[in-house]
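Subject: Structure for your review

Dear colleague,

Please find below the structure that I am handing over to you.

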Amino acid sequence: IRPLLKESLGETPALGEWLRPSDFVRIEPDAACFGDEDKNLLKDTLREAAARAVAMKQKEGDALRKSLSQRLAAVRALTASVESSPEQDLERAAQKFSQRMSDLFRGIGVSEMDPERLLQEAALAASRCDVTEEVERLKSHAEQFDAYLEKNESVGKTLDFLIQEMQREANTLSVKLRSNELAAVAVELKSELEKLREQARNVE
């Protein structure tokens, strides 16, 4: 193109100045070419396309809601396993602590101990492992999450906030839980919550 332009004009202009669509293509409206039948066909086509888009979005939303509910069920199951653990029987935990301390003192030759003081220390140690509040908050957040899944409105930000709150409680659990078994449960719980959050990001 450039050699031809230079031969005819004596110079080579910028192609951008010559290749603007408005310089060589012009569309003139012609009402005769677009009658009522064409308008009705266009309207019907647009309506059908819109209906299909809505149906597809509804189908995707239902699938996402089902997937989120399954993840939430896993979170609830893990929370329940912590709640029902014998480790959360504080009286039993205090007794075990007291017995271990008694054995330790006897091992170093200390035969006389204040039983009341020992029991207080045992109760204090057990309370540090108490996750009742964390478990109750997890259950409450899960209930709220489930309720918002049924709402026909924009709930994406709310779901993300609830998951962050559940993650905060799960992090506290992982610090408080002492046994290897429950520590593993806390790790799995955090993993499930992260997966739940990834899926919830698809909710508007």
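The model is a predicted one, in which local features need pLDDT of at least 70, side-chain atom pairs count only at pLDDT 80 or more, and totals for chains, interfaces and linings use all residues. Residues are numbered from 1 along each chain as its sequence is written, and side-chain values use heavy atoms, with hydrogens and water left out.

Overall fold

The protein has nine helices and zero strands; helices (H or I, at least four residues) and strands (E, at least two) are DSSP runs, numbered from the N terminus. Read from the N terminus, the order of elements is α-α-α-α-α-α-α-α-α. Of the 204 residues, 25% are buried (under 20% relative accessible area, where exposed is over 50% and partly exposed lies in between, with a 1.4 Å probe and protein chains only). A contact means heavy atoms within 4.5 Å. Among contacts with a separation of 6 or more, 72% join residues 24 or more positions apart.

How the helices pack

Two packed helices are described by the angle between their axes and the distance between the axes. Here, axes are lines fitted to C-alpha atoms, for helices over the stretch in contact, and angles run from 0 to 180 degrees between N-to-C directions. Angles under 35 degrees count as roughly parallel, over 145 as roughly antiparallel, 65 to 115 as roughly perpendicular and the rest as oblique. A crossing is left-handed if the near helix is turned anticlockwise from the far one by less than a right angle, and right-handed if clockwise.

Helix H4 covers residues 36–83 and helix H9 covers residues 180–200. Their axes come within 9 Å and cross at roughly 160°, and H4 and H9 are therefore roughly antiparallel to each other. The crossing of H4 and H9 is left-handed. Among the residues that meet are Leu64, Leu68 and Leu72 in H4, and Leu182, Leu189 and Leu193 in H9. By class, the contact of H4 with H9 has 13 nonpolar, four polar and four charged residues. For these classes, Ala, Val, Leu, Ile, Met, Phe, Trp, Tyr, Cys and Pro count as nonpolar, Asp, Glu, Lys and Arg as charged, and the others, Gly among them, as polar.

H4 also packs with H7, at an angle of about 165° and with the axes 10 Å apart. That makes H4 roughly antiparallel to H7. The crossing of H4 and H7 is left-handed. The contact includes Arg65, Arg76 and Glu83 of H4, and Glu136, Lys139 and Asp146 of H7. Its residues divide into eight nonpolar, two polar and seven charged.

The axes of H7 and H8 come within 9 Å and cross at roughly 160°. H7 is therefore roughly antiparallel to H8, and the crossing of H7 and H8 is left-handed.

Helix H8

Does the length of H8 agree or disagree with what 1.5 Å a residue should give? The 21 residues of H8 (residues 156–176) should span 30 Å, and its end C-alpha atoms are 31 Å apart, which agrees; the expected span is 1.5 Å times one less than the number of residues. Its buried residues include Gly156, Leu159, Ile163 and Met166. The buried residues of H8 pack against H4, H7 and H9.

Two single residues

Thr79 lies in helix H4 and, at 3% relative accessibility, counts as buried. Leaving aside neighbours within four places in sequence, Thr79 is in contact with Val135, Leu138, Lys139 and Leu189.

Leu182 is placed in helix H9 and counts as buried, at 3% relative accessibility. The C-alpha atoms of Leu182 and Ser85 are separated by 8.2 Å, although the two residues are 97 residues apart along the chain.
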